[in-house]
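Hi,

Here is the structure I promised to send over. Have a look at it first, and then read on for what turned up.

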Amino acid sequence: MSRYMINTWEPETPSFWQSTGKATAARNLWISIPALLLAFAVWMVWSVVVVNLPNIGFTYSNNQLFWLTALPGLSGATLRIFYSFMVPIFGGRRWTAISTGSLLIPAIGIGLAVQDVNTGYPTMLILALLCGFGGGNFASSMANISFFYPKASKGFALGMNAGLGNLGVSVVQFVVPLVITFAVFGAWGGDALTWVKNGVSKDMWLQNAGFIWVPFIALSTLLAWFGMNDLASAKASFSEQAVIFKRKHNWLMCWLYTGTFGSFIGYSAAFPLLIKIQFPDVNPLDYAFLGPLVGALARVAGGVISDKLGGARVTLWSFLLMIGAVLGVLYFMPQGGVGGNFNGFFWMFMLLFAGTGIGNASTFRMIPVIFLTEHQRAAAGKGKAAQEQAIVDANKEGAAVLGFTSAVAAYGAFFIPKSYGTSIAMTGSPDAALWCFIGFYVSCIAITWWCYARKNAPMPC
């Protein structure tokens, strides 16, 4: 038996939690967070790279650039479906190390590819798809951390893991514009690329957008391998976990989490390019990182708030906030290519990102509560053994649902950029896409209220 395997894990038992569980859970959480942050950074690196490709001589159309921005979302979401079930099969420590180490492939690949303007577009598409490794990691990371914490602290733990992990989106959009301005790795990092604008030449090391993450990924992989734990009680086959596909609340929460996290990651991926197209006189990289930063920090706060007020109530208000913010974005955007107010546009987007972040946390707070309540209802009156088994089964199902809903929601990273691109191609503006998003949020409000938030709701949470 591996020395990293923990055979007895009872977080719902107060004495165990205070004496042993809390410190062990915290260690696993604090190793998980930077690994997840790096995963998000690699997943979203194309949101910054695409803005700079035309500057150094790559001749791609706006639609081709939107494809490069969108494809990591498509592959990341698809990988999440499989990653959702990996922790109970392989173990959280082992899978975190493997999945984090896989990020080296796209990071090194991007660093090599952007140094040659003759690199084919199909190669760039493949590298964009490989960045989906970073997107897949979220599903397994959240499932893993959910096993370590008791019901009363799941909102905090999942909010910290996801919220600080989500900071990777903001970090990549803040760090990359800085590190591409000088030779971080000296001769080892390759020659400078020439950026010509308005007759003025500048040196750019766009390869650093990939290379800068390599040492941190290697370190995080080692920390996961030697510092985390596997839980025997979390072991489950795929067939045992597949029962979630028969659960109504799995599918309802997929819909709601697509509205929150799908919005966060989709807006994050497309925000720099949307600014560049709608407000060409504004440098998008001066502002783009602030949206994901607000969303990530709001997620941390949202986890704490949801533990106190209940996930469903907070989710309901989050969607109302998001609708108001999108209406504000529509009001301040240019119409017919003229007018527009960047300050108003920017602050409405900050409000929108805050709403997505709070909603991310509150929906994830709802999931473990829903499944624990459902299993405890079924075990009521059947004795202590049945009630203890109900907690084990609820934790396994809840973890699988956390991963699977995150997989479905991650398609937002594909659909939102592509919706913008399609709307602009067909109508000349992204307005139609934004109106469709509002319609979707209305449906989320209806589901949340009817199933979870109203008085006498069938599953209050």
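How close do the axes of α13 and helix α19 come, and at what angle do they cross? Keep in mind that this is a predicted model. The two axes come within 10 Å, with a crossing angle of roughly 140°. Since angles over 145 degrees would count as roughly antiparallel, α13 and α19 are therefore oblique to each other. As for handedness, α13 passes α19 in a left-handed crossing. The residues in that contact split into twelve nonpolar and six polar, with no charged ones.

On the α13 side (residues 248–278), the contact includes H249, W255, S263 and Y267. Across from them, α19 (residues 431–453) brings in F437, Y441, C444 and C451, among others.

Leaving out residues up to four places away in sequence, S263 touches T258, M322, T356, I416 and Y441. Y441 is also one of the α19 residues in the helix contact.

Now the cysteines: the structure holds zero disulfides. For C436, the closest cysteine sulfur is in C444, and at 14 Å that is too far for a bond. C451 is in no disulfide either, with the nearest cysteine sulfur, that of C461, 9.6 Å away. In terms of accessibility, C436 is exposed, at a relative accessible area of 55%, whereas C451 is buried, at 13%.

Cheers

Methods. Residues are numbered from 1 along each chain as its sequence is written. This is a predicted model: local features need pLDDT of at least 70, side-chain atom pairs count only at pLDDT 80 or more; totals for chains, interfaces and linings use all residues. Side-chain values use heavy atoms; hydrogens and water are left out. Helices (H or I, at least four residues) and strands (E, at least two) are DSSP runs, numbered from the N terminus. Contact means heavy atoms within 4.5 Å. Axes are lines fitted to C-alpha atoms, for helices over the stretch in contact, and angles run from 0 to 180 degrees between N-to-C directions. Angles under 35 degrees count as roughly parallel, over 145 as roughly antiparallel, 65 to 115 as roughly perpendicular and the rest as oblique. A crossing is left-handed if the near helix is turned anticlockwise from the far one by less than a right angle, and right-handed if clockwise. Ala, Val, Leu, Ile, Met, Phe, Trp, Tyr, Cys and Pro count as nonpolar, Asp, Glu, Lys and Arg as charged, and the others, Gly among them, as polar. A disulfide is a pair of cysteine sulfur atoms within 2.5 Å. Buried means under 20% relative accessible area, exposed over 50%, partly exposed in between (1.4 Å probe, protein chains only).
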